[in-house]
Amino acid sequence: VDDSITIRRVTEKFLLRNGFRVCLAKDGMDALPKLQTESPDLVLLDIEMPRIDGFEFATYMRNSDQFVDIPIIMITSRSGDKHQKRAAQIGVQEYMIKPYQEDVLLKSINAVMRAAKQSKEESADEGES
């Protein structure tokens with residue numbers, strides 16, 4: 001989810017090359033219906049966007065039972081501590097500053113996906129007890 005068409009296209013090509021299925025959105029408002037129909041395993045999210053910004057979108061996800069467990073990686077030009085702290089308080093798993101390095105993004109994606117999978121397995125195991 002990013003309002004920059006260049007960022008969306010570059011990131012999409014990178015993700016497709018690495019075997020991911022991709023769904024793009026130009027801002028939070030555009031992403032809301034896609035979130036409902038696509039059931040993503042992960043959301044890459046910019047902060048500064050028109051209509052619904054990244055913080056609002058992440059907050060919506062964290063306050064929704066349906067989307068609370070979907071990992072979020074914020075990729076933004078905002079490098080300030082206050083932005084990073086706000087993202088962490090909302091429940092964003094990873095915070096990256098633009099421009100990102102592709103290998104670092106791939107490692108972050110794999111790490112948050114692994115953690116999400118492990119968390120789901122632990123929750124399932126607790127449910128069986």
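**Reading a predicted model, step by step**

Me: I am new to this structure. Where does Ser39 lie, and what is its phi?
Reply: Welcome! Ser39 lies in the loop between helix 2 and strand 1. Keep in mind that this is a predicted model. The phi of Ser39 is near 45 degrees, a positive value in a residue other than glycine.

Me: Where is Arg51, and is Arg51 buried or exposed?
Reply: Arg51 is found in the loop between strand 1 and helix 3. Its phi is positive too, at about 60 degrees, although Arg51 is not a glycine. Arg51 counts as exposed because its relative accessibility is 53%, and the cut-off for exposed is over 50%.

Me: Now the sheet. How do strands pair in general?
Reply: Strands of a sheet pair through backbone hydrogen bonds, and the pairing is either parallel or antiparallel. In this model, three strands make up an open sheet in the order 1-2-3, with parallel pairing. Strand 1 (43-45) and strand 3 are the edge strands, each pairing on one side only. From one strand to the next, the twist averages 20 degrees.

Me: How many bridges join strand 1 to strand 2, and which residue stands opposite Val43?
Reply: Three bridges join strand 1 to strand 2 (residues 72-76), and the two run parallel. Val43 has Ile72 of strand 2 opposite it.

Me: Next, helices. How are two packed helices described?
Reply: Two packed helices are described by the angle between their axes and the distance between the axes. Take helix 2 (residues 28-38) and helix 3: they pack at about 25 degrees, and their axes are 10 Å apart. Helix 2 and helix 3 are therefore roughly parallel to each other, as angles under 35 degrees count as roughly parallel. Helix 2 crosses helix 3 in a right-handed way.

Me: Which residues make the contact of helix 2 with helix 3?
Reply: Helix 2 brings Gly28, Ala31, Leu32, Leu35 and Gln36, while helix 3 brings Phe57, Tyr60 and Met61. By class, this contact of helix 2 with helix 3 has six nonpolar, two polar and no charged residues.

Me: At what angle do the axes of helix 3 and helix 4 cross?
Reply: The axes of helix 3 (residues 54-62) and helix 4 (residues 81-90) cross at roughly 20 degrees and come within 9 Å. So helix 3 and helix 4 are roughly parallel to each other, and their crossing is left-handed. Phe55, Ala58, Thr59 and Arg62 of helix 3 meet His83, Arg86, Ala87 and Ile90 of helix 4. The residues of this contact divide into four nonpolar, two polar and two charged.

Me: Last one: is Ile109 buried or exposed?
Reply: Ile109, in helix 5 (residues 102-128), counts as buried because its relative accessibility is 1%. Leaving out residues up to four places away in sequence, Ile109 touches Leu15, Phe20, Leu42, Leu44 and Ile73. Ile109 and Leu44 are 65 residues apart along the chain, and their C-alpha atoms are separated by 9.1 Å.

Note on methods
Residues are numbered from 1 along each chain as its sequence is written. This is a predicted model: local features need pLDDT of at least 70, side-chain atom pairs count only at pLDDT 80 or more; totals for chains, interfaces and linings use all residues. Side-chain values use heavy atoms; hydrogens and water are left out. Axes are lines fitted to C-alpha atoms, for helices over the stretch in contact, and angles run from 0 to 180 degrees between N-to-C directions. Helices (H or I, at least four residues) and strands (E, at least two) are DSSP runs, numbered from the N terminus. Angles under 35 degrees count as roughly parallel, over 145 as roughly antiparallel, 65 to 115 as roughly perpendicular and the rest as oblique. A crossing is left-handed if the near helix is turned anticlockwise from the far one by less than a right angle, and right-handed if clockwise. Contact means heavy atoms within 4.5 Å. Ala, Val, Leu, Ile, Met, Phe, Trp, Tyr, Cys and Pro count as nonpolar, Asp, Glu, Lys and Arg as charged, and the others, Gly among them, as polar. Two strands pair if DSSP finds at least two bridges between them. Buried means under 20% relative accessible area, exposed over 50%, partly exposed in between (1.4 Å probe, protein chains only).
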